[in-house]
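Hi everyone, thanks for coming. Please take a look at the structure on the screen before I start talking.

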Amino acid sequence: MRRVGTVNYHVHKPERQAFVIDAGGVVGRLIAPDLIPTEIALHDTRAGDTAVSFADDSVAFETNPSAVTGFAGNGWQAQYDAELTVLLTRAVGAQEVVVFDHTVREDDPNSDRKPARNVHSDYSAEGAQKRVVDILGADRAADWAEGHYGFINVWRPVGASINSAPLGFVRPATVKPEDWILIDLIYPDRRGHIMGLAANAEHEWVYQSNMTPDEVAFFNIYDSQGLASVAHSAVDRVEDASITRIRKSIESRTLVRY
């Protein structure tokens, strides 16, 4: 069965582009650069359309149930961080794991954190190296920089399986260097940047259909020894039109030392 969806690619421009986040001091208000909605074909790992591995494709899917069933309020983070540490130690051979951020996203107009609907990766090389210092401090970061480290995101559905807006990934081998665009992130109190992706007909998109809260995707955002950063985005697609529940997920950002 041919699966299709729509994503929003970035556009090459002569001037520097930016997202303005919490614009005007309004939490959740986002001003975005120009994006081009583009229909894509999706290869479903669950259906056997394709297979991916973290080592070759910078993304992997696996069943990994959590003892945490809700991510609101306090009290769940220590348990969940410990579970992510076990996962990444086993799955990618991490020797040390620092979990530094969690974002719960809900596909609701009233949500402060909606699914990201632009094709992107979270860090440039410069941004990743600066973030290591922010997280670890200068001395510890210098020690890590002498070895092999990386940023890995772990994504999980919350509450129910994903029927709409699944998370899709571009197989890195199909991305050309010139497809990437440096995009500023302007916050009320700081400035960062991400890497946006421009459209290319050669891009091969992969995802796993109907992911459940017992399943995770873990994917590489930056690697100090060159494992490719994987472009990703929520994909506008509905698996079953008779189901109307809202897509909800948690994305956890981690720094790992190999």
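Predicted model: local features only at pLDDT ≥ 70, side-chain atom pairs only at ≥ 80, totals over all residues.

Residues are numbered from 1 along each chain as its sequence is written, and side-chain values use heavy atoms, leaving out hydrogens and water.

Let's begin with the sheet. It is open, with 5 strands in the order β5-β13-β8-β15-β6 and antiparallel pairing. Strands here are DSSP E runs of at least two residues, helices are H or I runs of at least four, and both are numbered from the N terminus. Two strands pair if DSSP finds at least two bridges between them. At the edges sit β5 (59-63) and β6 (96-106), each pairing on one side only. β5 is joined to β13 (residues 215-223) by 5 bridges, and Val59 stands opposite Phe219 in β13.

Now the helices. α3 (residues 125-136) lies across β6, β8, β13 and β15, with contact meaning heavy atoms within 4.5 Å.

How do α3 and α4 cross? The axes of α3 and α4 (residues 138-145) come within 7 Å and cross at roughly 130°. Axes are lines fitted to C-alpha atoms, for helices over the stretch in contact, with angles from 0 to 180 degrees between N-to-C directions. Val132, Val133 and Leu136 in α3 meet α4 residues including Trp144. Thanks, everyone!
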